[in-house]
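Trainee: Please take me through the features of this model, beginning with the handedness of a helix crossing.

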Amino acid sequence: MTESTPAAEQFSSDRPFVFRNATVITMDQQGVLEDADVLVIGRDIAAVGPRLEVPEGTLEIDASGGIVTPGFVDTHRHMWQSALRGYGGDWALSQYFVFYYLNWGEVFRPEDVYAGNLLSALESVDTGVTTTLDWSHGLRTPEYGEAALQALREIPGRFVLGYGNYLGAPWEWANAPEFRDFVSKNFSSHDDMLTLQLAFDVPGASDFPERGAFEAARELGLRVTTHAGVWGATTDTAITQMYDAGFMTPEITYVHSASLNEQSYQKIAATGGTVSVATESEQSAGQGYPSTWAIRKHGIPASLSMDTSVWWSADFFSAMRATLSADRSRDHLEAHARGETIVANRLRAEDVLHMATMGGALSIGLEDRIGSLTPGKRADIVLIKNDESPAMTPILHPYAHVVYQAGTADVHTVVVDGKVVKYQGKRIGLPLAPVRDKVAASVEYVRSKLGEKAWTEGMHPEIPVDEEIENPYRYTDGDAHVVARAHD
Ligand SMILES: [Zn+2]
């Protein structure tokens with residue numbers, strides 16, 4: 001016999017459960033299945049299909065009116081920066097660099113990395129991002145790395161530690177004995193819940209010193225994630241250096257890749273690399289135009305990422321929306337410039353949901369384990385269902401519904417590695433309060449360390465007077481006057 005609407009406490013690792021009567025987006029060759037079930041046994045997806053026969057004692061989750069998708073995969077998030085959520089909402093990229101390289105970069109501690117990671121990891125599992133690559137570039141010593149890992153182990157999500165240290169030289173730290181000890185201590189047994197990559201950038205110095213870091217990655221058998229195509233910072237020169245040295249392989253993820261030339265995109269395509277597109281970041285911080293419009297012409301696989309919550313949320317629905325809209329926006333603008341109009345959108349909702357799931361799995365090398373609802377794969381699953389939300393009815397175009405209609409408030413159930421971590425809209429055994437307290441303590445530390453003046457100025461960078469545009473229609477009285485005077 002089975003039970004309907006089980007209580008959260010009934011879920012346990014050895015008890016099978018099944019989602020019943022959902023719209024199932026498999027992201028594999030089965031496509032979308034209406035009124036279908038997904039059965040989970042142990043860590044894995046056991047079966048997908050209509051009216052599944054299930055083992056005795058299986059818990060039943062009523063998923064009618066909902067959409068079941070694979071868990072989302074974020075391939076680039078500086079998780080430690082979530083401790084300063086929203087602080088840089090008005091920043092340009094230069095203010096980010098000043099703050100993290102000079103001001104805060106001087107004083108942050110391992111517990112600040114831990115607090116940010118804890119909050120970010122909790123947010124991931126809460127919002128259906130079952131796998132997150134922590135682009136952790138503040139690991140100035142392995143002690144910081146241990147702090148980052150501690151948080152990733154405390155939250156039951158799937159994570160990839162992208163080990164990085166922007167305050168050091170990658171060819172040095174990647175070859176240092178203490179880093180090698182850190183790797184063998186933490187990553188000697190293979191566990192797909194927590195894996196390791198190297199995270200470093202190639203600014204294009206003529207002697208290409210990053211060669212030593214790529215060699216370390218090769219020696220350790222690790223993938224590399226690197227910010228590429230960031231306007232003025234990492235350019236086509238870096239791609240040329242990597243290509244000429246033979247380091248462009250399928251094991252490389254190029255983050256942003258937003259301002260590269262055709263030759264660079266061809267090199268990425270020819271060597272089997274993937275691109276992590278962080279649309280909201282690229283639109284706001286100016287790395288370049290979000291690159292899906294360019295890379296899709298080369299057949300380069302894309303994944304999605306949020307980059308950092310010091311500016312943006314970690315909301316993957318937002319990532320999908322922004323990406324689809326930016327791609328279409330580019331096509332429209334280019335067509336208008338030719339005096340034409342777009343009569344068919346090239347990028348489809350299905351494509352961005354693929355980027356958010358299978359594309360991410362491919363980018364981190366776990367495409368055989370996660371990214372689709374395929375029997376035999378790990379059970380990383382999201383049920384999007386909200387019976388009281390007007391936005392959740394009717395469901396006519398399931399891919400478009402996930403991308404443009406649903407939101408984080410509709411994340412009903414989240415499963416990671418066969419474990420139910422959220423159910424009926426509530427996390428199971430993962431309270432916010434202790435995390436909030438640790439983050440509050442971290443914020444208090446940074447404020448006191450920087451001083452109130454630097455803290456406030458850091459949050460509100462001035463708009464240079466010479467950037468104000470002469471506007472003959474500017475109001476001189478009334479409320480608009482206040483706006484104009486704010487720049488005085
Ligand atoms: Zn980044």
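Mentor: A crossing is called left-handed if the near helix is turned anticlockwise from the far one by less than a right angle, and right-handed if clockwise. Helices (H or I, at least four residues) and strands (E, at least two) are DSSP runs numbered from the N terminus. This model is predicted: local features need pLDDT of at least 70, side-chain atom pairs count only at pLDDT 80 or more, and totals for chains, interfaces and linings use all residues. Residues are numbered from 1 along each chain as its sequence is written, and side-chain values use heavy atoms, with hydrogens and water left out.

Trainee: In which sense does α7 pass α8?

Mentor: The crossing of α7 with α8 is left-handed. Two packed helices are described by the angle between their axes and the distance between the axes. Axes are lines fitted to C-alpha atoms, for helices over the stretch in contact, with angles from 0 to 180 degrees between N-to-C directions. For α7 (residues 236–244) and α8 (residues 262–271), the angle is about 35° and the axes are 10 Å apart. D236, I239, T240 and Y243 of α7 make the contact (heavy atoms within 4.5 Å) with S264, K267 and T271 of α8. By class, two residues are nonpolar, three polar and two charged; Ala, Val, Leu, Ile, Met, Phe, Trp, Tyr, Cys and Pro count as nonpolar, Asp, Glu, Lys and Arg as charged, and the others, Gly among them, as polar.

Trainee: At what angle do α11 and α12 pack?

Mentor: α11 (residues 316–337) and α12 (residues 349–363) pack at about 135°, with axes 10 Å apart. They are therefore oblique to each other; angles under 35 degrees count as roughly parallel, over 145 as roughly antiparallel, 65 to 115 as roughly perpendicular and the rest as oblique. The crossing of α11 with α12 is right-handed. Its contact comprises F316, M320, T323, L324 and R328 of α11, and A349, V352, L353, M355 and A356 of α12. Eight of these residues are nonpolar, one polar and one charged.

Trainee: How is α12 placed against α13?

Mentor: α12 and α13 pack at about 70°, with axes 8 Å apart, which makes α12 roughly perpendicular to α13. Here A349, E350, V352 and L353 of α12 meet Y399, A400, V402 and V403 of α13.

Trainee: Which protein residues are donors of the zinc ion?

Mentor: Donors are N, O and S atoms within 2.8 Å of the metal (3.2 Å for Na, K and Ca); water is not among the atoms, so sites may look incomplete. The protein donors are H76 (NE2), H78 (NE2), H227 (NE2) and D307 (OD), 2.1 to 2.6 Å from the zinc ion. Their spacing along the chain is H-x1-H-x148-H-x79-D.

Trainee: Where is the cis peptide bond?

Mentor: The cis bond joins T393 and P394, with omega about -5°. P394 is in the loop between β15 (381–384) and α13 (398–405).
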